[in-house]
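Subject: Structure for your review

Dear colleague,

Please find below the structure that I am handing over to you.

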Amino acid sequence: MRTRLDTLVRSAQSAGRAAGAFTCYDLTTAAAVVAAAADRDEGVVLLVSPSTAATTYGQTLVRALRTLADHAPVPVSIQLDHAGDLDLILRTVEAGADAVLVDGSKGGYAANVALVLQARELLADHDVALEAELGRIEGNEDVAALVAAGAAGLTDPAQAKDFVAQTGVDLLAVSIGNVHGSYLGDPVIDHERLDAIAAEVDLPLVLHGASGLSPLTVRRCITSGVGKINVNTELRTAVLERLAATVPAALAHGANLESVMRSWSDEARNQVSQILSSLVAE
Ligand code: 13P
């Protein structure tokens, strides 16, 4: 059933959990994510990356996800992730996304605020929840080295308070040592910074780059006020590894595509189920 992202996340938080948000490049994975959430009677978020949304099939995928979400037995939100292109944001919301991460984090503080306000104005006639990102979340980086070099772009707690007041966003993604993709070296999450941010703002925080973080670290973040956990790399790696193991036998036995799709779906459902079971406060 269609549910606003902020409502879905706040309801997970009041049950002592965080909502899981999973990047979906395709309908098979998305259906498996929803099935895993339904098994647990929990809401879930389907993330669509801007690169997927911009492909020739991207908007068709969003329309299909909208149908999947509307017919799901649990709350499902569809979120366009990390989007900075206003035209793509509007098209994707019109296709059925009900939440957007308006990502102006690469452009400096004032530009970030301005982009969120532009998106808010553009989407004034749509019932859409907005997430923003303050600080910079890197990809495949050794954050400890960046922190040591003073180049990590971590979220500043005082700035977070001002940012939320100026933009009125519904959720805030934080940079506290988390990175997208692989962690080079051991992840070092700045829990004190997270607590300081949470003390300054009254809205759910979002942890991107959860692949590669220990369940204990994630639980501690949830206790500190993180209400949505974004996962991509862990899920797609598990699916690709399963496909690599399944495809040769399927090719040898009449190119059985349905058996491959079943493996894909089973793997995604198991992975998501395991991840969802770990998204609880300490
Ligand atoms: P990972 O690929 O590190 O899991 O990050 C996913 C993410 O944050 C999507 O927004």
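Residues are numbered from 1 along each chain as its sequence is written. The model is predicted, and local features need pLDDT of at least 70, side-chain atom pairs count only at pLDDT 80 or more, while totals for chains, interfaces and linings use all residues.

**Helix 1**

Helices (H or I, at least four residues) and strands (E, at least two) are DSSP runs, numbered from the N terminus. A residue is called buried if 20 or more other C-beta atoms, placed from the backbone, lie within 10 Å of its own, exposed if 12 or fewer, and partly exposed in between. In helix 1 (residues 5-14), the buried residues are Leu5, Asp6, Leu8, Val9 and Ala12. Viewed down the helix axis, these buried residues fall within an arc of 160°, so they line one face of helix 1; the arc is that of the directions from the axis to the C-beta atoms. Just after this helix, Gly16 has a positive phi of about 80°.

Val9 belongs to helix 1 and has 30 other C-beta atoms within 10 Å, which means that it counts as buried. Leaving out residues up to four places away in sequence, Val9 touches Ala19, Leu171, Pro204, Gly227 and Lys228, where contact requires C-beta atoms, placed from the backbone, within 7 Å.

**Strand 8 and its partners**

Six of the six residues of strand 8 are buried. Two strands pair if DSSP finds at least two bridges between them. Strand 1 (residues 19-23) pairs with strand 8 in the parallel sense over four bridges, and Ala19 has Lys228 as its bridge partner. Strand 7 (residues 205-207) also runs parallel to strand 8, joined by three bridges, with Leu205 opposite Val226.

**The ligand**

Which residues are closest to the ligand? They are His208, Ser211, Asn230, Asn232 and Thr233, in a shell of 14 residues, each counted if its C-beta atom, placed from the backbone, lies within 6 Å. Strand 8 (226-231) and helix 11 (233-252) are the elements that give two or more residues to this shell.

**The core**

The largest nonpolar core has 84 residues; such a core is a set of buried Ala, Val, Leu, Ile, Met, Phe, Trp, Tyr and Cys residues joined through C-beta atoms within 7 Å. Helix 2 (residues 27-40) supplies the largest share, six residues.

Yours sincerely

Note on methods:
Contact = placed C-beta atoms within 7 Å.
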